[in-house]
Amino acid sequence: MKQFSANLPQKAYTAQQVRDNEALAAEQSGTTLSQLMQRAGSAVAAYVQSYCQSQELDGAYTVVLCGKGNNAGDGYIAAKLLKEVGLRVVVWSLFDPSLLKGDAQDAFKAFVDFGGDVTRKCPLDLDEAAITIDAVFGGGFHGQLPEAVQSAFDSIENASTYKVSVDIPSGVNGTTSEVSDNAFQADVTVTFIALKQGMLTGQARGCCGQILFAGLGVAKAFSKLVAGTSSFSSEVQHFRSIPVRAYDSYKHQLGHVLLIGGGKGMAGAIRLAAEACLRSGAGLVSVATHPDNVGAVLQGRYELMVHGVETAPHLHALLEKATIVVLGPGLGLDAWAKELFFACSEVTCPLVIDADGLTLLAQNPQALKATVVTPHLGEAKRLLDKNDVEYVHHRFELAEKVYQTTKAITVLKGPGTIIQGYERRNINRSGTPAMASAGMGDVLSGIIAALLAQQVPTFAAVCLAVYIHGLAAEEAAKDGALGLVASDLFSHIRRILG
Ligand SMILES: NC(=O)C1=CN([C@@H]2O[C@H](COP(=O)(O)OP(=O)(O)OC[C@H]3O[C@@H](n4cnc5c(N)ncnc54)[C@H](OP(=O)(O)O)[C@@H]3O)[C@@H](O)[C@H]2O)[C@@H](O)CC1
Ligand SMILES: [K+]
C-alpha cells in the first residue's frame with residue numbers, strides 16, 4: 001500500500017478535531033495510537049527515501065529536528081527507519097528529551113538503542129545536510145515559537161537543505177492558520193489522518209510547500225466520525241452548473257453586467273474587471289465611470305459600453321437595465337465615489353462589492369445589501385466591529401465574522417482563498433499566488449459577475465470564479481508571465497472556460 005499520496009481529500013478539519021478523535025478513529029480501525037505513530041514515522045521515512053532515490057542521494061546526511069510532544073515521536077521513528085536503510089541520520093533535539101512521554105519517549109529510546117545520535121546543539125554545518133526533517137511541533141502547537149526554536153529555524157532557512165515537515169510545519173497553528181515568527185518553511189509537508197484547515201490558507205499555506213497526505217489506515221474511520229469544517233476543493237464539479245449555451249443564444253439571454261468604478265485618474269481597475277467579465281461570458285457589459293476615463297476604458301475593448309457618469313441621476317437609467325452590478329474597482333473615496341455608492345441603494349439585482357466599495361460599505365454598513373463581498377485581509381478588518389479585530393490572524397473566524405456582518409457570501413482573498421456563505425465554507429485548492437499582483441482582485445470580481453450573469457447559482461458561481469481565477473494564475477505563472485499581471489490571466493480564462 002502506498003504510504004502517502006499527492007491526492008488530497010476534499011474535507012478539512014481543525015487540528016484540535018484530529019487530536020480529539022484520532023484515538024477513537026484508531027480504535028474503530030482496529031489499531032492503536034502507538035501503531036499510528038509507527039505508521040506516521042514510516043510514511044515520512046518512505047517519502048524521504050523516495051526523494052533520496054529520485055535525487056540519487058546515497059547515504060545522505062539527514063538532520064531530524066525534534067520537539068517534546070508526539071510530533072517528535074514521529075520524528076524519532078522516521079530517524080530510526082532512515083538509519084536502518086543507510087542514511088546518515090542525526091537528531092537535533094530542541095528540548096530536553098526527558099520531557100518526552102509515552103510512545104514518543106519509547107520512540108526516542110528505540111532510536112538511541114539502535115545507536116542513533118541525539119544532540120542538543122546544531123550537529124553539523126547545515127549546508128551538508130541534504131535533508132532536514134521538522135518534527136518539533138505538530139497539532140499541539142499554539143502561540144509563538146520559543147526563541148531557541150526560532151533561531152534554529154533561522155539557520156536552517158538560510159541553508160541549502162531540503163526541508164520536510166512532519167504533519168504540520170512547526171510554527172503553524174493547524175486550527176486557526178496563525179503563523180509564528182520564523183515558522184518552519186517546508187518544501188514538503190507529509191500530513192496525517194486528515195487535512196488540517198489551518199495549513200490551507202494565508203501565510204500558513206506558504207509554510208507547507210507541497211502537501212502530501214498519509215491516512216495511516218484510519219482516515220476513512222476519522223471522516224465518518226467527524227464532520228469537516230470546510231470543503232477543500234477545486235470545485236470542478238461546479239463547471240456543470242454553467243448552463244450549456246444554446247446554438248441560438250444571444251447576448252440578451254446571458255445577463256447584463258454593470259460595473260461601477262474608476263474615479264478620476266483610476267481607469268485601470270474598472271477596465272480590468274470589465275474585460276474579465278466579457279472574457280468570462282457575460283452577454284452585455286456596461287461600465288459607469290468618471291467622464292475623464294471613458295476613452296481609456298474603451299480603448300481596444302470596443303465590446304464594452306462605457307458611460308461617463310457625473311452624478312447619481314446618470315446612474316439610475318443604467319442600474320435599471322443591469323441584471324448584475326459590480327461596485328468598487330478603482331472607485332475612490334471622494335464625493336463622486338460616495339454619490340455613486342449611495343445610488344446603489346436602489347439595486348435589487350445581485351450586487352458584488354469589492355475594493356473601495358468595501359471601504360465605503362465599512363463606513364456605511366446599512367446603506368447597501370451586498371450579495372458577494374470580496375475583501376482582502378485589510379478590507380475584511382475594516383468591515384468588522386473593533387471588538388472583532390482580534391480575529392485578524394484567524395482567517396476562518398475572520399471570514400465567518402464578515403459573513404455574519406454583511407450577510408453576503410464572503411470571499412476572503414489571498415493564497416488559499418476562503419469562501420464563506422450559506423453555512424458552507426470552501427477553501428480554494430489551487431492555493432496560487434492568485435492575488436499577488438495589482439489588478440488581480442478586480443479580475444476576480446469581473447469573473448464572479450459574469451458567472452452570476454449566466455445564472456450560475458451564487459455560491460457555485462463564487463467557488464467557480466475563484467477556481468478559474470486561481471487556475472488562470474497558475475497557468476500564467478507556468479508560462480513564465482513576468483510579474484504575473486492581471487492581463488496575463490485573460491488568455492488563460494478564455495482557455496479554461498473553453
Ligand atoms: N496522538 C498520537 O498518538 C499520535 C500523534 N501523532 C503526531 O503527534 C502530533 C501531535 O502531538 P501532540 O499533541 O503531542 O503535539 P505536539 O505538537 O507534538 O507538541 C505539543 C507540545 O508542545 C507544547 N507547545 C505547544 N505550543 C508551544 C509553544 N508555542 N512553545 C512551547 N511549547 C509549546 C505543548 O505544550 P502545552 O500546550 O501542553 O503547554 C506540548 O508539550 C501530531 O501532529 C502528529 O505528528 C501521530 O503520530 C499519530 C499518533
Ligand atoms: K512539524
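This is a predicted model: local features need pLDDT of at least 70, side-chain atom pairs count only at pLDDT 80 or more; totals for chains, interfaces and linings use all residues.
View 1. The contact takes 11 residues from each of domain 1 and domain 2. Residues are in contact if their C-beta atoms, placed from the backbone, lie within 7 Å. On the side of domain 1 that touches domain 2, helix α6 (residues 202-208) gives the most, with three residues. Helices are DSSP runs (H or I, at least four residues), numbered from the N terminus.

Residues are numbered from 1 along each chain as its sequence is written. Local features need pLDDT of at least 70, and side-chain atom pairs count only at pLDDT 80 or more, while totals for chains, interfaces and linings use all residues.

**View 2. The largest nonpolar core.** This core has 163 residues. Helix α16 (residues 458-478) gives the most, with 12 residues. A nonpolar core joins buried Ala, Val, Leu, Ile, Met, Phe, Trp, Tyr and Cys residues through C-beta atoms within 7 Å; buried means 20 or more other C-beta atoms within 10 Å of a residue's own.

**View 3. Helices α11 and α12.** Helix α11 (residues 335-343) packs on helix α12 (residues 356-363) at about 75°, with axes 11 Å apart. That makes the two roughly perpendicular (65 to 115 degrees). Axes are lines fitted to C-alpha atoms over the stretch in contact, and angles run from 0 to 180 degrees between N-to-C directions.

Conventions:
Chains are lettered from A and ligands numbered from 1 in the order in which they are written. A residue is buried if 20 or more other C-beta atoms lie within 10 Å of its own, exposed if 12 or fewer, and partly exposed in between; C-beta atoms are placed from the backbone. Angles under 35 degrees count as roughly parallel, over 145 as roughly antiparallel, 65 to 115 as roughly perpendicular and the rest as oblique. Two residues are in contact if their C-beta atoms, placed from the backbone, lie within 7 Å.
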